[in-house]
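Work through the exercises below with the sequence and the 3D structure at hand. Try each task before you read its solution.

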Amino acid sequence: SPCSCPMSAQEPPRPAPAAAEPPEPEPGGRYEAVVPHWFYCKVTDTRERWVPFSAQDSERLEEAHGAGKDQDDVVVPTSGGRYDVHLRTRQRVAVYWEEEVSEVRRCTWFYKGDKDNKFIPYSESFSEELEEAYMIAVTLDEWKKKLESPNREVIILHNPKLMVHYHPVASSDDWVSTPTEQGRPRTVKRGVENIAVEIPSGEPLQIDHLVFVVHGIGPACDIRFRSIVQCVNDFRNVSLSMLQAHFKKAQEQQQVGRVEFLPVNWHSSLHSTGVDVDLERITLPSINRLRHFINDTILDVFFYNSSTYCQTIVDTVASEMNRLHQLFLQRNPQFKGGVSIAGHSLGSLILFDLLTNQKADPEEDEHRAQGSRTNSSTGGIEEVKEILKKLELSEYCDVFEKEKMDRQALFLCTETNLKEMGIPLGPRMKILHYISSTTEMKVCFLHGLCSSRHIPSHSIPLTQGPLSNYPQLNYKPTIFFAFGSPIGMFLTVRGVKRIDPNYSLPTCKGFFNIFHPFDPVAYRIEPMIVPDLEFEPMLLPHHKGRKRMHLELKEGLTRMSVDLKNNLLGSLRVAWQSFTRAPVPALEAGSTEAEAEAEAGTEKQPDTKPEEPPAAVKEETPLINVGRLNGGNRIDYVLQEKPIESFNEYLFALQGHLCYWESEDTVLLVLKEIYQTQGITLDQPLPGSQ
């Protein structure tokens with residue numbers, strides 16, 4: 001065929017024509033222009049790595065370049081709109097967060113690097129020279145072309161399949177005759193299809209939901225000390241693969257695009273207050289690295305408990321989330337989806353404090369107030385009667401009922417009030433003693449959590465957070481996800497013993513507390529709502545649709561050992577009975593059947609017991625009412641540990657706290673809950689999920 005020129009040797013082999021190709025191309029072969037692909041340069045620890053844009057981004061950049069827009073400063077959004085490429089200056093700039101600007105290149109020719117065998121693109125101008133030389137060589141069939149690169153390196157085009165790049169001469173000696181004496185040659189390739197590089201598949205354009213992710217203590221978010229931006233990138237990538245695996249039907253029907261996850265960074269603004277310099281002055285010089293690590297990380301917890309810095313942290317998180325939200329809407333005017341928020345570790349506590357101090361709409365407030373009024377008018381008086389009965393003061397029930405005293409009113413009573421109601425001194429003392437000893441344990445009705453007696457209840461924010469002034473968010477979050485969260489512990493330390501089952505976050509209807517079983521920082525929430533009942537957290541289903549093998553095995557072995565024990569006991573009982581029983585010939589015929597039945601009964605009984613559903617299923621059958629914090633649904637979700645993790649809980653504790661970013665099970669729960677609010681479900685429901 002006429003196209004079977006030297007050029008096609010550089011292309012991926014095409015089955016039929018390739019076989020018929022002559023070994024040496026004829027003179028005057030036909031030249032085909034190279035297809036460019038756009039790359040950007042990623043610098044990590046002074047190491048440069050050239051990363052290809054996705055096919056759709058590269059096409060968009062090429063289109064803008066082809067339209068001659070390089071002259072004007074045209075901006076092309078790439079990577080799902082999170083980065084802008086400024087075409088004239090060839091720069092890739094992060095939109096939502098601060099990041100070093102990356103160099104962008106329109107790449108056609110590559111050479112293999114020395115260190116890691118990765119291909120590196122030549123500069124655009126030198127690539128054009130190479131392409132010109134290649135075109136002449138192909139057209140005239142004149143090879144062995146020699147070119148000199150900008151840094152005096154020599155490139156020789158031997159033939160279409162063999163093109164090499166020689167290092168520059170070490171000395172300034174002009175007598176070195178041949179390039180072969182200049183060290184090992186590098187391989188040169190033309191066109192991105194000829195180098196081993198994975199071009200990322202693009203992201204769906206349609207964004208269904210936006211999630212802001214707030215980091216925990218310190219600037220590093222995972223075991224590899226990566227930033228929140230890198231960790232959220234991982235989370236987003238996992239979410240794209242989970243959407244393809246579990247929402248295929250909805251994707252085919254174009255009901256589902258993707259969920260955008262954006263990082264919220266507060267650590268840098270806190271540590272730019274000059275506090276680091278002050279700490280440096282008082283830090284001891286010994287065990288230097290450990291002390292700096294503590295200054296950089298653990299101190300964030302103490303900062304959060306200090307009203308000065310807590311205000312900085314909360315203001316930063318709220319203003320950053322509002323800024324990102326506004327910017328996102330400007331860049332995505334078609335966006336009609338909801339917004340959710342997720343926090344890791346201390347980040348979840350910051351969000352919890354922020355959410356509990358949001359002001360609901362007046363009509364919502366009215367609706368909630370009406371609900372609590374109806375509750376208190378009927379249930380409240382009944383509760384007061386219960387208390388009086390407990391204190392053996394039932395004869396005063398009518399007095400309290402007449403004064404319309406519900407439980408909340410009772411807890412606000414002073415001695416003067418009781419005196420005015422005509423309650424004698426003895427009963428008065430009993431009631432006041434009960435109020436003072438119980439206030440610390442009971443629920444503050446204004447915000448739905450406990451308050452301490454010495455603080456007037458009207459001034460207590462839900463969590464008794466260190467602030468009185470909380471900023472407001474510009475939107476109402478759909479769901480709040482907490483990963484590896486110490487919320488439960490902080491509430492307890494602040495003196496909160498119990499959360500009112502009727503309490504829900506003022507502007508957010510959903511709340512999920514997700515944790516790894518070995519996470520040392522994570523605490524449960526549900527036992528604070530239902531303190532009298534012991535029950536397990538919900539086991540998060542494995543994304544492949546079953547329990548992890550080792551957990552099934554563990555459960556199976558437990559059940560098997562119960563079976564064996566019961567069967568053994570049954571056999572021993574039968575043997576003992578036959579051994580001790582005296583033979584009665586006259587009753588033999590009648591009794592054997594009865595005995596057989598009795599024996600069968602004793603054996604069957606233990607057999608049937610282990611046949612009950614395993615623990616995880618058993619606990620789901622009785623519906624546990626965990627209050628309104630997550631709209632009546634379960635709140636605590638535990639991940640399944642990996643087989644290797646179950647060998648040593650302590651070894652994997654830190655990893656347990658930092659595992660959420662790449663956990664498919666966590667991502668899938670987040671996606672499932674988000675899409676459920678839009679009426680979209682998984683292709684196949686996972687076993688054990690709600």
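Contact means heavy atoms within 4.5 Å. This is a predicted model, where local features need pLDDT of at least 70, side-chain atom pairs count only at pLDDT 80 or more, and totals for chains, interfaces and linings use all residues. Residues are numbered from 1 along each chain as its sequence is written, and side-chain values use heavy atoms, with hydrogens and water left out.

**Exercise 1. A loop serine**

Task: Find where Ser79 lies, decide whether Ser79 is buried or exposed, and list its contacts beyond four places in sequence.

Solution: 
- Step 1. Locate the residue. Ser79 is in the loop between strand 3 (75–78) and strand 4 (83–86). Helices (H or I, at least four residues) and strands (E, at least two) are DSSP runs, numbered from the N terminus.
- Step 2. Check burial. Buried means under 20% relative accessible area, exposed over 50%, partly exposed in between (1.4 Å probe, protein chains only). Ser79 has a relative accessible area of 16%, so Ser79 is buried.
- Step 3. List the contacts. With neighbours within four places in sequence left aside, Ser79 touches Asp57, Arg92 and Glu203.
- Step 4. Follow one partner. Arg92 lies over the face of Tyr40, 3.7 Å from the ring centre. The rule here is NZ of Lys or CZ of Arg within 6 Å of the ring centre and within 35 degrees of the ring normal.

**Exercise 2. Two aromatic pairs**

Task: Classify the ring pair of Tyr111 and Tyr122, then the pair of Phe235 and Trp661.

Solution: 
- Step 1. Know what to read off. A pair of aromatic rings is described by the distance of the centres and the angle of the planes.
- Step 2. Set the cut-offs. Rings of Phe, Tyr and Trp (its six-membered ring) pair if their centres lie within 6.5 Å; planes under 30 degrees apart count as stacked, over 60 as edge-to-face and the rest as tilted. The whole structure holds 18 aromatic pairs.
- Step 3. Take the tyrosines. Tyr111 and Tyr122 are 4.8 Å apart centre to centre, with 45 degrees between the planes: a tilted pair. Both residues, Tyr111 and Tyr122, are buried.
- Step 4. Take the second pair. The ring centres of Phe235 and Trp661 are 6.3 Å apart and the planes stand at 80 degrees, so this pair is edge-to-face.
- Step 5. Phe235 is in helix 5 (residues 228–246) and Trp661 in the loop between helix 23 (653–657) and helix 24 (664–676), so the pair ties together parts 426 residues apart in sequence.
- Step 6. Check burial. Phe235 has 2% relative accessibility, so Phe235 counts as buried. Trp661 has 1%, so Trp661 is buried too.
- Step 7. Widen the view. Ring pairs link Phe235, Phe261, Phe483, Tyr660 and Trp661 into a cluster.
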